[in-house]
Amino acid sequence: AAAWFHLGFTKQEQSNIGGARESYAKALEADPRYVSPYQELAFLDAREQKWPEVAENTDRLLNLNPVDFPDAWMYNAMAKFQMQHFDAAEKSARQGLSNDPNHRYPMLSQILGVILVQKHEYPEAAQHMRNYLRLAPDASDATLVKKQLEEVERRSAPQVTAKAPEQH
């Protein structure tokens, strides 16, 4: 399994994606409990926006090892969000954050923020978006997230209604 995996990784680095996929499949045939091929397949599928496949491969990986792969939780949350399974996406993002104490994957905060916006949970969504911007201030999408955050903060601000003058 390890040999097939390494061959797949080499093919992937050479931009032979079809060959990489075949090698990863062979690795999983040899050992379906070997998590690394699932991780790489999920990465390839995410690049191609094949969200059901991303969800399937990350689900398999996370069933085998739910602790050591916060990036798998991130991809799982992204896939489930794209498939409009918002509760499952939120659960995955939260699990990823709890398994990433060193904040190696700040996008988990951004994803959770977007999920929470969908659920109209604006104050917590804003908190996670601010965390993302604090952890990844130079991210390529930082300007977009700042605009999203402004909108979320506007939505979460208490609405002030004008009082009608009292009549005597």
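Student: How many helices and strands does the chain have?
Tutor: Nine helices and zero strands. Bear in mind that this is a predicted model.

Student: And in what order do the elements run from the N terminus?
Tutor: They go α-α-α-α-α-α-α-α-α. The radius of gyration is 20 Å, well over the 15 Å that the globule rule gives for 168 residues, so the chain is more spread out than a compact globule.

Student: What box do the C-alpha atoms fill?
Tutor: Roughly 85 × 30 × 25 Å, taken along the principal axes.

Student: What share of the residues is buried?
Tutor: Buried residues are 43% of the 168 in the chain.

Student: And contacts? What share comes from residues 24 or more positions apart?
Tutor: 45%, counting contacts with a separation of 6 or more.

Student: Let's zoom in on H7. Why call it largely enclosed?
Tutor: Because 10 of its 12 residues are buried, helix H7 is largely enclosed by the rest of the structure. Buried here means under 20% relative accessible area.

Student: Which residues of H7 are buried?
Tutor: Leu-108, Ser-109, Gln-110, Ile-111 and Leu-112 are among them.

Student: What covers the buried residues of H7?
Tutor: The cover includes helix H5 (70-82) and helix H6 (86-98). It also includes helix H8 (122-135) and helix H9 (142-156).

Student: What span should H7 have, and how far apart are its end C-alpha atoms?
Tutor: Helix H7 covers residues 107-118, and at 1.5 Å a residue its 12 residues should span 16 Å. Its end C-alpha atoms are 17 Å apart, which agrees.

Student: Which residue just after H7 takes a positive phi?
Tutor: His-120, at about 60°.

Student: Switching to Gln-127. Where does it lie?
Tutor: Gln-127 is in helix H8. Its relative accessible area is 40%, so Gln-127 counts as partly exposed.

Student: How far is it from Asp-87, C-alpha to C-alpha?
Tutor: The C-alpha atoms of Gln-127 and Asp-87 are separated by 19 Å. Along the chain, the two are 40 residues apart.

Student: Now the surface. What does the accessible area come to?
Tutor: About 10000 Å² for the chain. Carbon and sulfur atoms hold 50% of that.

Student: Last one: how many positive and negative charges are there?
Tutor: The chain has 19 positive and 23 negative charges. Their mean positions are 2 Å apart.

Terms used: Residues numbered from 1 in each chain as written. Predicted model: local features only at pLDDT ≥ 70, side-chain atom pairs only at ≥ 80, totals over all residues. Heavy atoms only, no water. Helix = DSSP H or I, 4+ residues; strand = E, 2+ residues; numbered from the N terminus. Expected span 1.5 Å × (residues − 1). Buried < 20%, exposed > 50% of the residue type's maximum accessible area, 1.4 Å probe, protein only. Contact = heavy atoms within 4.5 Å. Rg over C-alpha atoms; globule rule 2.2 N^0.38 Å. Areas by Shrake-Rupley, 256 points an atom, 1.4 Å probe, with all protein chains shown as cover. Lys, Arg positive; Asp, Glu negative; His and termini not counted. Charge placed at Lys NZ, Arg CZ, Asp CG, Glu CD.
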